[in-house]
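Let's take a walk through this model together. Have a look at the fold before reading on.

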Amino acid sequence: MKAFQQLYFGLIFIYYSIIVVTNLGYFPEESSMSKMVAIPLLGVTLVYWLITMRFFLATTLKFRFFKTLFLFILIYVGYYVFSLMGGNYYSGINLSAHTRVFFTGLFWMFAFFNFFEIGYRTKISERSLKVFGIVLYLLSTAIIFSDIFKEGMDEEILNTASGYTALMVMPLLFYYNKHRIFQIFLLTFLVTLISGKRGALVIEAIIFLYYLISYKRFAQIKISSSLTTKIIILFAIAGLAVFFYNNAAGSLAERMAGLFVGKEVGNESSIGSGRNIFWSYTFFTWYEAPILNNLLGLGFYSTIYTLEKLYGMPIQAHNDFLEILHGFGLLGISVYLVFQYKFYQLAKTFGLSKIDTYILITCFLIFVMRSIFAGLIYRPDTLLFAIAMGLILGNIYKKRKDEC
(Lines give C-alpha, C1' and ligand atoms only; values in the text may rest on other atoms or scores of the structure.)
Protein backbone atom coordinates (compact mmCIF):
# COMPACT_ATOMS: atom_id res chain seq x y z
CA MET A 1 0.00 0.00 0.00
CA LYS A 2 2.90 2.33 0.78
CA ALA A 3 4.22 1.85 -2.79
CA PHE A 4 0.77 2.68 -4.18
CA GLN A 5 0.68 5.86 -2.10
CA GLN A 6 4.13 6.81 -3.40
CA LEU A 7 2.90 6.25 -6.97
CA TYR A 8 -0.07 8.52 -6.15
CA PHE A 9 2.24 11.27 -4.84
CA GLY A 10 4.58 10.87 -7.80
CA LEU A 11 1.78 11.29 -10.36
CA ILE A 12 0.61 14.44 -8.57
CA PHE A 13 4.13 15.92 -8.73
CA ILE A 14 4.50 15.00 -12.41
CA TYR A 15 1.07 16.44 -13.29
CA TYR A 16 1.77 19.85 -11.76
CA SER A 17 5.35 19.89 -13.05
CA ILE A 18 4.05 19.40 -16.59
CA ILE A 19 1.71 22.38 -16.12
CA VAL A 20 4.73 24.51 -15.15
CA VAL A 21 6.91 23.47 -18.10
CA THR A 22 3.96 23.82 -20.49
CA ASN A 23 3.42 27.40 -19.28
CA LEU A 24 7.13 28.08 -19.84
CA GLY A 25 6.80 26.96 -23.46
CA TYR A 26 8.60 23.63 -23.35
CA PHE A 27 5.44 21.87 -24.54
CA PRO A 28 2.89 23.46 -26.89
CA GLU A 29 -0.39 24.35 -25.12
CA GLU A 30 -2.31 21.96 -27.30
CA SER A 31 0.05 19.18 -26.20
CA SER A 32 -1.59 16.13 -24.65
CA MET A 33 1.21 15.76 -22.07
CA SER A 34 -0.90 16.88 -19.08
CA LYS A 35 -3.79 14.65 -20.21
CA MET A 36 -1.41 11.68 -20.41
CA VAL A 37 -0.75 12.12 -16.68
CA ALA A 38 -4.19 13.42 -15.64
CA ILE A 39 -6.00 10.29 -16.87
CA PRO A 40 -3.78 7.81 -14.93
CA LEU A 41 -3.94 10.13 -11.91
CA LEU A 42 -7.74 10.09 -12.03
CA GLY A 43 -7.63 6.32 -12.43
CA VAL A 44 -5.33 5.92 -9.41
CA THR A 45 -7.63 8.22 -7.39
CA LEU A 46 -10.70 6.08 -8.10
CA VAL A 47 -8.84 2.77 -7.66
CA TYR A 48 -7.37 3.95 -4.35
CA TRP A 49 -10.86 4.84 -3.11
CA LEU A 50 -12.15 1.40 -4.10
CA ILE A 51 -9.22 -0.30 -2.35
CA THR A 52 -9.91 1.65 0.85
CA MET A 53 -13.68 1.28 0.58
CA ARG A 54 -13.84 -0.65 3.84
CA PHE A 55 -12.14 2.20 5.69
CA PHE A 56 -14.42 4.68 3.92
CA LEU A 57 -17.57 2.89 5.07
CA ALA A 58 -16.34 2.05 8.58
CA THR A 59 -14.55 5.27 9.50
CA THR A 60 -14.97 8.17 7.08
CA LEU A 61 -18.76 7.95 6.99
CA LYS A 62 -18.89 8.25 10.77
CA PHE A 63 -18.53 11.99 10.20
CA ARG A 64 -21.69 13.84 9.17
CA PHE A 65 -19.44 16.18 7.21
CA PHE A 66 -18.28 13.33 4.97
CA LYS A 67 -21.75 11.77 4.80
CA THR A 68 -23.12 15.04 3.43
CA LEU A 69 -20.29 15.33 0.90
CA PHE A 70 -20.93 11.77 -0.27
CA LEU A 71 -24.65 12.54 -0.66
CA PHE A 72 -23.69 15.56 -2.76
CA ILE A 73 -21.45 13.32 -4.91
CA LEU A 74 -24.40 10.98 -5.56
CA ILE A 75 -26.50 13.96 -6.69
CA TYR A 76 -23.59 15.25 -8.78
CA VAL A 77 -23.12 11.91 -10.57
CA GLY A 78 -26.86 11.42 -11.05
CA TYR A 79 -27.30 14.82 -12.68
CA TYR A 80 -24.33 14.25 -14.98
CA VAL A 81 -25.75 10.90 -16.15
CA PHE A 82 -29.14 12.53 -16.69
CA SER A 83 -27.53 15.35 -18.71
CA LEU A 84 -26.20 12.80 -21.22
CA MET A 85 -29.79 11.92 -22.09
CA GLY A 86 -30.25 15.31 -23.76
CA GLY A 87 -32.95 17.92 -23.30
CA ASN A 88 -33.22 21.61 -24.18
CA TYR A 89 -30.08 22.65 -22.37
CA TYR A 90 -27.97 19.86 -23.83
CA SER A 91 -28.99 19.82 -27.47
CA GLY A 92 -25.66 21.35 -28.54
CA ILE A 93 -23.55 19.78 -25.83
CA ASN A 94 -19.78 19.59 -26.22
CA LEU A 95 -19.51 16.07 -24.80
CA SER A 96 -15.73 16.17 -24.37
CA ALA A 97 -15.73 19.44 -22.40
CA HIS A 98 -18.84 18.40 -20.47
CA THR A 99 -17.24 15.12 -19.39
CA ARG A 100 -13.92 16.80 -18.54
CA VAL A 101 -15.74 19.18 -16.19
CA PHE A 102 -17.57 16.26 -14.55
CA PHE A 103 -14.37 14.34 -13.87
CA THR A 104 -12.63 17.49 -12.60
CA GLY A 105 -15.23 17.74 -9.83
CA LEU A 106 -15.23 14.01 -9.14
CA PHE A 107 -11.42 14.07 -9.05
CA TRP A 108 -11.03 16.38 -6.05
CA MET A 109 -14.00 14.96 -4.13
CA PHE A 110 -12.59 11.43 -4.12
CA ALA A 111 -9.05 12.74 -3.58
CA PHE A 112 -10.35 14.39 -0.41
CA PHE A 113 -11.55 11.01 0.91
CA ASN A 114 -8.28 9.35 -0.13
CA PHE A 115 -5.97 11.86 1.52
CA PHE A 116 -8.02 11.74 4.71
CA GLU A 117 -7.28 8.00 4.75
CA ILE A 118 -3.60 8.63 3.94
CA GLY A 119 -3.34 11.22 6.72
CA TYR A 120 -4.86 8.76 9.18
CA ARG A 121 -3.38 5.38 8.22
CA THR A 122 -0.25 6.11 6.20
CA LYS A 123 3.07 4.54 7.11
CA ILE A 124 4.84 7.42 5.39
CA SER A 125 6.62 9.47 8.05
CA GLU A 126 5.33 12.87 9.15
CA ARG A 127 8.63 14.35 8.00
CA SER A 128 8.00 12.99 4.49
CA LEU A 129 4.49 14.42 4.49
CA LYS A 130 5.95 17.77 5.53
CA VAL A 131 8.37 17.62 2.58
CA PHE A 132 5.45 16.62 0.33
CA GLY A 133 3.57 19.75 1.46
CA ILE A 134 6.59 22.01 0.85
CA VAL A 135 7.20 20.60 -2.65
CA LEU A 136 3.48 20.94 -3.47
CA TYR A 137 3.57 24.56 -2.30
CA LEU A 138 6.67 25.30 -4.38
CA LEU A 139 4.99 23.72 -7.42
CA SER A 140 1.83 25.78 -6.88
CA THR A 141 3.95 28.94 -6.69
CA ALA A 142 5.88 27.89 -9.80
CA ILE A 143 2.56 27.48 -11.64
CA ILE A 144 1.67 31.10 -10.84
CA PHE A 145 5.02 32.47 -12.03
CA SER A 146 5.10 30.28 -15.13
CA ASP A 147 1.57 31.46 -15.91
CA ILE A 148 2.74 35.08 -15.59
CA PHE A 149 5.65 34.47 -17.97
CA LYS A 150 3.32 32.66 -20.38
CA GLU A 151 1.03 35.70 -20.53
CA GLY A 152 4.03 37.99 -20.87
CA MET A 153 5.55 40.44 -18.41
CA ASP A 154 4.82 43.30 -20.81
CA GLU A 155 1.07 42.88 -20.31
CA GLU A 156 -0.47 46.08 -18.98
CA ILE A 157 -2.60 44.17 -16.48
CA LEU A 158 -1.50 40.85 -15.02
CA ASN A 159 -4.28 38.48 -13.96
CA THR A 160 -3.27 34.84 -13.97
CA ALA A 161 -5.87 32.09 -13.96
CA SER A 162 -3.66 30.17 -11.51
CA GLY A 163 -3.61 32.95 -8.88
CA TYR A 164 -5.35 30.79 -6.27
CA THR A 165 -2.97 27.81 -6.33
CA ALA A 166 -0.57 28.86 -3.54
CA LEU A 167 -3.56 29.75 -1.33
CA MET A 168 -4.96 26.23 -1.88
CA VAL A 169 -1.85 24.60 -0.38
CA MET A 170 -1.17 27.20 2.33
CA PRO A 171 -3.15 25.42 5.13
CA LEU A 172 -1.04 22.26 4.67
CA LEU A 173 2.14 24.28 5.22
CA PHE A 174 0.51 25.90 8.24
CA TYR A 175 -0.20 22.47 9.73
CA TYR A 176 3.27 21.00 9.29
CA ASN A 177 5.06 24.29 10.12
CA LYS A 178 2.99 25.65 12.99
CA HIS A 179 5.70 28.02 14.22
CA ARG A 180 6.17 29.60 10.81
CA ILE A 181 2.56 30.48 10.04
CA PHE A 182 3.20 34.22 9.72
CA GLN A 183 6.14 33.74 7.35
CA ILE A 184 4.15 31.32 5.17
CA PHE A 185 1.17 33.67 5.12
CA LEU A 186 3.35 36.63 4.10
CA LEU A 187 5.01 34.62 1.31
CA THR A 188 1.62 33.50 0.01
CA PHE A 189 0.24 37.03 0.21
CA LEU A 190 3.15 38.42 -1.84
CA VAL A 191 2.79 35.68 -4.47
CA THR A 192 -0.93 36.45 -4.69
CA LEU A 193 -0.23 40.18 -5.04
CA ILE A 194 2.03 39.40 -7.99
CA SER A 195 -0.62 37.18 -9.62
CA GLY A 196 -3.17 40.02 -9.47
CA LYS A 197 -5.95 37.70 -8.25
CA ARG A 198 -8.28 40.03 -6.36
CA GLY A 199 -10.52 37.26 -5.01
CA ALA A 200 -7.55 35.45 -3.48
CA LEU A 201 -6.33 38.70 -1.90
CA VAL A 202 -9.75 39.28 -0.32
CA ILE A 203 -9.74 35.73 1.11
CA GLU A 204 -6.27 36.29 2.58
CA ALA A 205 -7.41 39.61 4.08
CA ILE A 206 -10.37 37.83 5.72
CA ILE A 207 -8.06 35.12 7.11
CA PHE A 208 -5.78 37.79 8.57
CA LEU A 209 -8.76 39.69 9.99
CA TYR A 210 -9.97 36.48 11.62
CA TYR A 211 -6.59 36.06 13.25
CA LEU A 212 -6.60 39.64 14.56
CA ILE A 213 -10.10 39.20 16.03
CA SER A 214 -9.10 35.90 17.64
CA TYR A 215 -5.55 36.91 18.59
CA LYS A 216 -5.83 36.16 22.32
CA ARG A 217 -7.25 32.70 21.64
CA PHE A 218 -4.39 31.87 19.30
CA ALA A 219 -1.58 33.57 21.22
CA GLN A 220 0.41 30.32 21.16
CA ILE A 221 1.13 30.84 17.46
CA LYS A 222 4.67 32.17 17.63
CA ILE A 223 7.24 33.20 15.07
CA SER A 224 10.19 30.91 15.69
CA SER A 225 12.69 29.14 13.47
CA SER A 226 16.41 28.67 13.04
CA LEU A 227 18.60 31.57 11.97
CA THR A 228 19.23 29.90 8.58
CA THR A 229 15.50 29.49 7.97
CA LYS A 230 14.85 33.11 8.95
CA ILE A 231 17.52 34.33 6.53
CA ILE A 232 16.14 32.19 3.66
CA ILE A 233 12.57 33.38 4.30
CA LEU A 234 13.72 37.00 4.63
CA PHE A 235 15.50 36.86 1.26
CA ALA A 236 12.48 35.13 -0.33
CA ILE A 237 10.12 37.81 0.98
CA ALA A 238 12.48 40.60 -0.09
CA GLY A 239 12.88 39.10 -3.57
CA LEU A 240 9.13 38.70 -4.02
CA ALA A 241 8.54 42.26 -2.79
CA VAL A 242 11.05 43.68 -5.29
CA PHE A 243 9.56 41.57 -8.11
CA PHE A 244 6.06 42.77 -7.20
CA TYR A 245 7.10 46.43 -7.08
CA ASN A 246 8.93 46.29 -10.42
CA ASN A 247 6.51 44.11 -12.39
CA ALA A 248 3.06 43.85 -10.85
CA ALA A 249 2.27 46.80 -8.53
CA GLY A 250 0.85 49.02 -11.31
CA SER A 251 -1.10 46.12 -12.78
CA LEU A 252 -2.73 45.28 -9.45
CA ALA A 253 -3.58 48.94 -8.83
CA GLU A 254 -5.40 49.07 -12.19
CA ARG A 255 -7.26 45.84 -11.42
CA MET A 256 -8.37 47.12 -8.02
CA ALA A 257 -9.46 50.42 -9.58
CA GLY A 258 -11.42 48.37 -12.12
CA LEU A 259 -13.74 47.27 -9.32
CA PHE A 260 -15.26 50.75 -9.38
CA VAL A 261 -15.22 51.36 -13.14
CA GLY A 262 -18.27 50.41 -15.15
CA LYS A 263 -18.19 48.51 -18.43
CA GLU A 264 -20.63 46.90 -20.80
CA VAL A 265 -21.50 43.21 -20.42
CA GLY A 266 -24.10 42.14 -22.92
CA ASN A 267 -26.56 45.03 -22.88
CA GLU A 268 -26.02 45.93 -19.24
CA SER A 269 -23.54 48.00 -17.27
CA SER A 270 -21.22 46.06 -15.00
CA ILE A 271 -18.66 46.81 -12.31
CA GLY A 272 -15.21 45.20 -12.26
CA SER A 273 -15.13 41.74 -13.83
CA GLY A 274 -18.88 41.66 -14.51
CA ARG A 275 -19.78 39.11 -11.86
CA ASN A 276 -22.69 41.21 -10.59
CA ILE A 277 -24.34 40.83 -14.01
CA PHE A 278 -23.92 37.12 -14.58
CA TRP A 279 -24.66 36.28 -10.94
CA SER A 280 -27.94 38.15 -11.29
CA TYR A 281 -28.65 36.54 -14.68
CA THR A 282 -27.93 33.06 -13.29
CA PHE A 283 -30.16 33.56 -10.26
CA PHE A 284 -33.15 35.00 -12.14
CA THR A 285 -32.95 32.34 -14.86
CA TRP A 286 -33.44 29.77 -12.09
CA TYR A 287 -36.01 31.88 -10.22
CA GLU A 288 -38.22 32.44 -13.29
CA ALA A 289 -38.08 28.77 -14.34
CA PRO A 290 -41.04 26.39 -13.73
CA ILE A 291 -41.53 25.18 -10.15
CA LEU A 292 -40.09 21.73 -10.95
CA ASN A 293 -36.86 23.40 -12.11
CA ASN A 294 -36.85 25.52 -8.95
CA LEU A 295 -36.86 22.31 -6.94
CA LEU A 296 -34.58 20.15 -9.09
CA GLY A 297 -32.61 22.71 -11.11
CA LEU A 298 -31.93 23.11 -14.81
CA GLY A 299 -29.31 20.36 -15.08
CA PHE A 300 -25.63 19.58 -14.63
CA TYR A 301 -23.31 22.48 -15.54
CA SER A 302 -26.24 24.25 -17.18
CA THR A 303 -24.99 27.76 -16.33
CA ILE A 304 -22.61 27.73 -19.29
CA TYR A 305 -25.60 27.41 -21.63
CA THR A 306 -27.54 30.10 -19.75
CA LEU A 307 -24.64 32.57 -19.74
CA GLU A 308 -23.76 31.86 -23.36
CA LYS A 309 -26.93 33.77 -24.23
CA LEU A 310 -25.53 36.79 -22.39
CA TYR A 311 -21.86 36.60 -23.39
CA GLY A 312 -21.96 34.75 -26.68
CA MET A 313 -19.57 32.17 -25.22
CA PRO A 314 -19.96 29.42 -22.60
CA ILE A 315 -18.88 30.63 -19.15
CA GLN A 316 -19.38 29.44 -15.58
CA ALA A 317 -21.25 31.38 -12.90
CA HIS A 318 -17.99 31.78 -10.92
CA ASN A 319 -19.99 31.11 -7.76
CA ASP A 320 -20.67 27.58 -6.48
CA PHE A 321 -23.84 28.53 -4.61
CA LEU A 322 -25.44 29.95 -7.76
CA GLU A 323 -23.93 27.20 -9.91
CA ILE A 324 -25.52 24.52 -7.72
CA LEU A 325 -28.81 26.38 -7.27
CA HIS A 326 -29.12 26.82 -11.06
CA GLY A 327 -28.04 23.28 -11.89
CA PHE A 328 -29.34 21.15 -8.99
CA GLY A 329 -32.12 23.38 -7.65
CA LEU A 330 -33.22 23.65 -4.03
CA LEU A 331 -32.41 19.96 -3.61
CA GLY A 332 -28.73 20.38 -4.45
CA ILE A 333 -28.17 23.72 -2.73
CA SER A 334 -29.76 22.41 0.50
CA VAL A 335 -27.30 19.50 0.62
CA TYR A 336 -24.39 21.80 -0.24
CA LEU A 337 -25.30 24.30 2.50
CA VAL A 338 -25.60 21.49 5.06
CA PHE A 339 -22.15 20.30 3.91
CA GLN A 340 -20.71 23.79 4.49
CA TYR A 341 -22.35 24.01 7.92
CA LYS A 342 -20.98 20.58 8.93
CA PHE A 343 -17.56 21.72 7.74
CA TYR A 344 -17.82 24.76 10.02
CA GLN A 345 -18.86 22.61 13.00
CA LEU A 346 -15.95 20.26 12.34
CA ALA A 347 -13.49 23.14 12.06
CA LYS A 348 -14.57 24.55 15.42
CA THR A 349 -14.43 21.32 17.41
CA PHE A 350 -12.09 18.83 15.73
CA GLY A 351 -8.67 20.35 16.43
CA LEU A 352 -6.45 19.17 19.29
CA SER A 353 -5.10 22.66 19.95
CA LYS A 354 -5.97 26.30 19.35
CA ILE A 355 -3.55 26.34 16.43
CA ASP A 356 -5.32 23.34 14.87
CA THR A 357 -8.61 25.21 15.22
CA TYR A 358 -7.15 28.29 13.54
CA ILE A 359 -5.86 26.18 10.63
CA LEU A 360 -9.19 24.37 10.20
CA ILE A 361 -11.13 27.66 10.32
CA THR A 362 -8.67 28.93 7.69
CA CYS A 363 -9.62 25.93 5.52
CA PHE A 364 -13.30 26.70 6.03
CA LEU A 365 -12.86 30.37 5.09
CA ILE A 366 -10.92 29.46 1.94
CA PHE A 367 -13.59 26.92 0.97
CA VAL A 368 -16.55 29.28 1.47
CA MET A 369 -14.97 32.44 0.08
CA ARG A 370 -13.49 30.70 -2.97
CA SER A 371 -16.94 29.19 -3.58
CA ILE A 372 -18.35 32.73 -3.60
CA PHE A 373 -15.70 34.57 -5.63
CA ALA A 374 -14.68 32.02 -8.25
CA GLY A 375 -16.12 28.59 -7.56
CA LEU A 376 -14.45 25.36 -6.46
CA ILE A 377 -16.38 22.36 -7.69
CA TYR A 378 -15.34 22.54 -11.36
CA ARG A 379 -11.81 23.93 -10.84
CA PRO A 380 -8.71 21.74 -11.40
CA ASP A 381 -6.69 23.49 -8.67
CA THR A 382 -9.27 22.34 -6.10
CA LEU A 383 -7.32 19.06 -6.10
CA LEU A 384 -4.55 20.89 -4.22
CA PHE A 385 -7.02 22.04 -1.58
CA ALA A 386 -8.56 18.55 -1.29
CA ILE A 387 -5.09 17.08 -0.67
CA ALA A 388 -4.34 19.71 1.99
CA MET A 389 -7.66 19.33 3.82
CA GLY A 390 -7.62 15.54 3.62
CA LEU A 391 -4.12 15.21 5.07
CA ILE A 392 -4.81 17.73 7.86
CA LEU A 393 -8.09 16.14 8.96
CA GLY A 394 -6.71 12.60 8.66
CA ASN A 395 -3.62 13.41 10.73
CA ILE A 396 -5.65 15.17 13.44
CA TYR A 397 -8.03 12.19 13.57
CA LYS A 398 -5.06 9.82 13.97
CA LYS A 399 -3.73 11.86 16.90
CA ARG A 400 -7.18 11.96 18.50
CA LYS A 401 -7.42 8.16 18.28
CA ASP A 402 -3.88 7.76 19.69
CA GLU A 403 -4.83 9.88 22.71
CA CYS A 404 -7.86 7.69 23.50
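This is a predicted model: local features need pLDDT of at least 70, side-chain atom pairs count only at pLDDT 80 or more; totals for chains, interfaces and linings use all residues.

Residues are numbered from 1 along each chain as its sequence is written, and side-chain values use heavy atoms, with hydrogens and water left out.

The chain has 17 helices and two strands; these are DSSP runs (H or I, at least four residues, for helices; E, at least two, for strands), numbered from the N terminus. Of its 404 residues, 54% are buried, meaning under 20% relative accessible area with a 1.4 Å probe, protein chains only.

Now for the helix pair. Helix α5 (residues 95-121) packs with helix α17 (residues 382-403) at about 30°, and their axes lie 6 Å apart; axes are lines fitted to C-alpha atoms over the stretch in contact, and angles run from 0 to 180 degrees between N-to-C directions. That makes α5 roughly parallel to α17, a label for angles under 35 degrees. In the contact between α5 and α17 there are 15 nonpolar, five polar and two charged residues. Here Ala, Val, Leu, Ile, Met, Phe, Trp, Tyr, Cys and Pro count as nonpolar, Asp, Glu, Lys and Arg as charged, and the others, Gly among them, as polar.

Finally, zoom in on T382, which sits in α17. Is T382 buried or exposed? T382 is buried, at a relative accessible area of 0%. T382 touches W108 and L376, leaving aside residues up to four places away in sequence; a contact means heavy atoms within 4.5 Å. T382 and G105 are 277 residues apart in sequence, yet 8.4 Å apart in space, C-alpha to C-alpha.

Methods: Buried means under 20% relative accessible area, exposed over 50%, partly exposed in between (1.4 Å probe, protein chains only). Angles under 35 degrees count as roughly parallel, over 145 as roughly antiparallel, 65 to 115 as roughly perpendicular and the rest as oblique.
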